[in-house]
Amino acid sequence: MNIDWIIFFSGSLPLWIILGTACLVLILGLFLPKKSTGFLLIASVAGISGAFYSAIQLWNVHSYSISGMLTVDPYGYFLYTLLLFIALLSLLALYDYFEKQRIHIAEVYSLFLFCLFGLMLMVSTTHLLIFFIVLEIMSLALYVLVGIKRKDSFSNEAALKYFLLGAIAAGFLVFGTALFYGATGTFDLKNVEASRIAAADWPLFKVAITLIFIAFAFKVAAVPFHFWTPDVYEGAPTPITGFMSTAVKTAAFGALIRILAPLSYISELPILKLLSFFTLATLVVANLVALSQTNIKRMLAYSSIAHAGYILLGVCAAYLSHFSAPYVTAPVFYLFAYSLITLGAFSLVSAMAGTREDFSEISHYAGLSKRSPLAAALLALFMIALTGIPPTVGFVGKYLLFKQAFSQGLVTLVITALVMSAVSAYYYLRVIVAMYFGSSEADNNQPLKINGTLLGVILFCALCVFLLGFAPSRYLENIALSNFLPSFH
């Protein structure tokens with residue numbers, strides 16, 4: 001196997017910047033005094049910013065594959081910028097939380113960056129063996145981050161459950177990959193054509209694709225593979241939960257779109273039926289179960305599962321269009337919109353709870369509008385955006401998804417999504433009712449104090465949620481101008 005190392009390193013420069021920063025932060029953590037957490041944060045932010053700049057510079061390169069293992073194309077660079085953007089906001093949001101904990105600061109930052117490295121690699125390959133390796137790189141770092149509070153039993157339980165979920169998903173992926181190789185003689189999905197598969201291998205091939213797809217369903221927490229996901233979200237440190245619900249979802253769906261794109265031309269596969277089933281089940285179950293949640297982290301966990309259903313609806317429409325540009329734009333834009341809203345919401349939940357993960361009941365938000373009007377107004381904005389009410393980016397994202405799905409004839413799924421959006425208003429607006437019409441307890445009457453860095457992240461997310469709700473066309477035009485989609489064909 002011949003590798004042009006100059007092309008390899010120049011084409012994947014953002015990845016190596018993140019990997020190098022992760023190693024640097026880990027080494028610095030061994031020698032710097034414990035009080036030098038600010039320097040570690042600056043080094044991490046500088047690394048992410050450098051990778052972000054590098055990814056934008058590479059945005060319009062021609063598509064090519066590096067030894068069939070790594071695909072370099074504008075679509076990958078576009079998702080790099082999105083993941084790096086989310087990671088930058090998440091890193092700033094978690095600084096105050098772990099600064100107060102004063103434990104594992106260097107380890108947290110380096111694990112965070114290793115996880116980001118794995119997420120970026122996930123969206124860059126159609127080679128199933130490479131995909132399995134990068135999935136484990138990402139997952140191992142995330143297991144530790146979820147259980148980083150070693151003396152907290154909830155955090156430990158969440159880490160164990162997340163590990164077991166990841167192990168089951170890895171089992172499906174490995175078994176599916178083995179069957180895939182047995183049926184096709186290759187690990188690269190891009191090399192698969194229906195005419196090259198022998199008639200006797202078709203049942204094996206279909207089972208392989210189904211198993212691989214189930215592994216993805218675990219990663220995006222689609223029903224019925226969502227069990228324990230709310231437990232993991234509740235037990236993990238709140239800033240890590242925010243990162244999981246945005247960056248991991250973005251990478252998982254970005255990789256799913258890349259892997260499904262070459263398969264969409266093979267009409268014999270049952271992928272559309274699987275996508276439709278997961279979409280319907282995820283929308284209905286997640287929204288109905290969320291109605292009964294009294295803990296805001298569990299409510300946002302079921303909300304995250306429900307939004308995976310909305311994005312799956314967009315993937316269904318994109319699949320029917322063979323992943324043409326307008327249809328891929330809708331789910332990608334929704335991932336961006338959802339990430340902004342959810343990061344803002346989880347940052348406020350983190351500020352409310354402080355280091356106490358048990359301070360997350362919706363009843364604890366009663367009377368927040370009286371003691372912290374700005375925080376209440378911002379959280380209300382995020383709840384309205386999650387519901388999909390105009391003028392917010394949440395409305396624009398849902399409108400695009402529903403419009404594209406309807407144009408592809410997915411009428412039943414669109415009607416279900418519309419009804420479930422109306423149902424979701426009950427549990428989102430319940431938080432607003434508690435903040436503005438509830439009475440706070442006597443021992444919970446102090447103004448909410450938010451660290452300057454965290455407040456900056458929340459205000460930035462709120463501003464984007466509001467402005468993109470008014471003027472989304474400029475951003476959508478930029479996506480189209482990037483010309484990132486033809487790399488699929």
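How many helices and strands make up the secondary structure of the chain? The answer is 19 helices and two strands, where helices (H or I, at least four residues) and strands (E, at least two) are DSSP runs numbered from the N terminus. Please keep in mind that this is a predicted model, in which local features need pLDDT of at least 70, side-chain atom pairs count only at pLDDT 80 or more, and totals for chains, interfaces and linings use all residues. Residues are numbered from 1 along each chain as its sequence is written, and side-chain values use heavy atoms, with hydrogens and water left out.

**Overall shape and packing**

- Along its principal axes, the C-alpha trace spans about 75 × 55 × 45 Å.
- Of the 489 residues, 61% are buried (buried means under 20% relative accessible area, exposed over 50%, partly exposed in between, with a 1.4 Å probe and protein chains only).
- If you look at contacts (heavy atoms within 4.5 Å) between residues at least 6 apart in sequence, 81% join residues at least 24 apart.

**Charges**

- There are 25 positive and 20 negative side chains, and the centres of the two sets lie 5 Å apart.
- In this count, Lys and Arg are positive and Asp and Glu negative, while His and the chain ends are not counted; each charge is placed at NZ of Lys, CZ of Arg, CG of Asp or CD of Glu.

**Salt bridges**

- The count comes to six salt bridges, each being a side-chain nitrogen of Lys or Arg within 4 Å of a carboxyl oxygen of Asp or Glu.
- One of them joins D73 and R258, with the closest N and O atoms 2.9 Å apart.
- D73 sits in the loop between strand 2 (70–72) and helix 4 (74–101) and R258 in helix 10 (residues 238–263), so this pair ties together parts that are 185 residues apart in sequence.
- Both D73 and R258 are buried.
- D152 pairs with K149 at 3.6 Å between the closest N and O atoms; D152 has a relative accessible area of 17% and is buried, and K149 is buried at 8%.
- D231 and K161 also meet in a salt bridge, at 2.9 Å from N to O.
- Because D231 lies in helix 9 (residues 229–235) and K161 in helix 7 (residues 153–184), the pair ties together parts that are 70 residues apart in sequence.
- D231 is partly exposed at 22% relative accessible area, whereas K161 is buried at 14%.
- A network of salt bridges links E157, K161, D231, E234 and R298.
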